[in-house]
Amino acid sequence: MDVPAWLAQLKLPPLPEALPSAVADSHTHLDSTREYSGLPVEVSLEAARLVGVGWLVEVGCDVDSSRIAVDLAAAYPQVVAAVAMHPNDAARSATLDDDIAAIDALARAGDHVRAIGETGLDHYRTTDEALFAVQERSFVEHIAIARRYEKTLVIHHRDAHADLVRVLGEQQLPARTVMHCFSGDADFARACLAHDTGERGMWLSFPGVITYKNAPYLSEALKVTPVERILVETDAPYLTPVPARGKANAPYLVPHTLRFMADVLDADLTDLCEQVLTNTFEAFCGPWGEGTHHA
């Protein structure tokens, strides 16, 4: 498979320098990446492997994409699935009760389904305050599913920090919780990490946005996050890190974000890679895949 030729043909960023030790992309959308940029799933996975991204969490946003996530996780040993109704999809759904029942069923599909997400609150795309209650009801139902089946809870949050902190304080969370695409400042990071989130706790997952010049607050949030609570993600095909910003994102671009994070923390890159991989396995209910920790 000629990965560089595929990337050039699709006008995608070239392969970055490989990481010294392999890591996991804790939140990606392989099927959406295929639709958005034309990058086939097989090529995306091989490109990721070549640069040291050996494991991935494929995340659903509605019933259909959650089913695709489960199928991809069943087909590829380096992939596990997260299933959920995204808060904006929940707000738009005319069949939310049936949708949540379908997510409940998908959560029981097997060990390759490791998480319930992305769920949460979004008051940026959903602006009708009457629908905020619908998002919250869906969020609470997803929390219950995660607890019922001992899955990781993957939280989406945008422009709803105060309400999110309130809901987190009101609910009994599952043993493991991940704040996907962390977008808050240092104070919000501290607030999230301070919550009693079960025996395992909460992880903060940092996207390519941390590399943007207009997001210094994310670097400050990273600095106050214990290193054993740090994850990295792409949220591909969106939020492409510098220097590839402006083009479609994909898991193989994680090295740009992780190198930036190592610089912010003044950390040894190999040590950070190894810690992030350990964190990801811990956050998502243990190791998966073929067991090799190097690309």
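Mentor: Start with a term: a nonpolar core is a set of buried Ala, Val, Leu, Ile, Met, Phe, Trp, Tyr and Cys residues joined through side-chain atoms within 4.5 Å. Buried means under 20% relative accessible area, exposed means over 50%, and partly exposed lies in between (1.4 Å probe, protein chains only). This is a predicted model, so local features need pLDDT of at least 70 and side-chain atom pairs count only at pLDDT 80 or more, while totals for chains, interfaces and linings use all residues. Residues are numbered from 1 along each chain as its sequence is written, and side-chain values use heavy atoms, with hydrogens and water left out.

Trainee: Which residues touch the most other members of the largest nonpolar core?
Mentor: They are F139, M179, F182, F206, Y252, L258 and M261, in a core of 77 residues. A second, separate core has 17 residues, including A22, V57, A82 and F284.

Trainee: What does L258 touch?
Mentor: Contact means heavy atoms within 4.5 Å. Leaving out residues up to four places away in sequence, L258 touches L19, V23, V232, L269, L272, C273 and V276.

Trainee: Now the sheet. What is the order of its strands?
Mentor: First the general idea. Strands of a sheet pair through backbone hydrogen bonds, either parallel or antiparallel. Helices (H or I, at least four residues) and strands (E, at least two) are DSSP runs, numbered from the N terminus. Two strands pair if DSSP finds at least two bridges between them. Here the order is β1-β2-β3-β4-β5-β6-β7-β8, an open sheet of eight strands with parallel pairing. β1 and β8 stand at the edges with a single partner strand each, so one side of each has no neighbour in the sheet. The twist averages 30 degrees from one strand to the next.

Trainee: Is β1 enclosed or left open by the rest of the structure?
Mentor: Six of the six residues of β1 are buried, so β1 is largely enclosed by the rest of the structure. Four bridges pair β1 with β2 (residues 53-59) in the parallel sense. A24 stands opposite W55 in β2. Further along, β6 (residues 176-179) and β7 (residues 201-206) also run parallel, joined by four bridges. There, M179 stands opposite L204 in β7.

Trainee: Where does helix α8 lie?
Mentor: α8 lies across β4, β5, β6 and β7, and runs at about 155 degrees to β5. For such angles, axes are lines fitted to C-alpha atoms, for helices over the stretch in contact, and angles run from 0 to 180 degrees between N-to-C directions.

Trainee: How many salt bridges are found?
Mentor: Side chains of opposite charge can pair when their charged atoms come close. A salt bridge is a side-chain nitrogen of Lys or Arg within 4 Å of a carboxyl oxygen of Asp or Glu. A search of the whole structure finds 15 of them. In one, R259 pairs with E17, and the closest N and O atoms are 3.8 Å apart. R259 is in helix α11, while E17 is in the loop between α1 and β1, 242 residues apart. R259 is partly exposed at 23% relative accessibility, whereas E17 is exposed at 59%.

Trainee: What does the salt bridge between E136 and R166 tie together?
Mentor: Its N to O distance is 2.8 Å. E136 lies in helix α7 and R166 in helix α8, so the pair ties together parts that are 30 residues apart in sequence. Salt bridges that share partners join E136, D163, R166 and E170 into one network.

Trainee: Is E233 buried or exposed?
Mentor: E233 is buried, at 0% relative accessible area. Its place is in the loop between β8 and α11. The residues that E233 touches include D25, H27, H180 and F206.

Trainee: Which side chain makes a polar contact with that of E233?
Mentor: A polar contact is a pair of N or O atoms within 3.5 Å; within protein, one must be able to donate a hydrogen and the other to accept it, and residues adjacent in sequence count only if both atoms are side-chain atoms. The partner is the side chain of H180, at 2.9 Å. Also, the backbone nitrogen of C181 lies 2.7 Å from a polar atom of the E233 side chain.

Trainee: Where is H86 found?
Mentor: H86 is in the loop between β3 and α5. H86 counts as buried, at 9% relative accessibility. Its side chain makes a polar contact with the side chain of H156 (3.4 Å).
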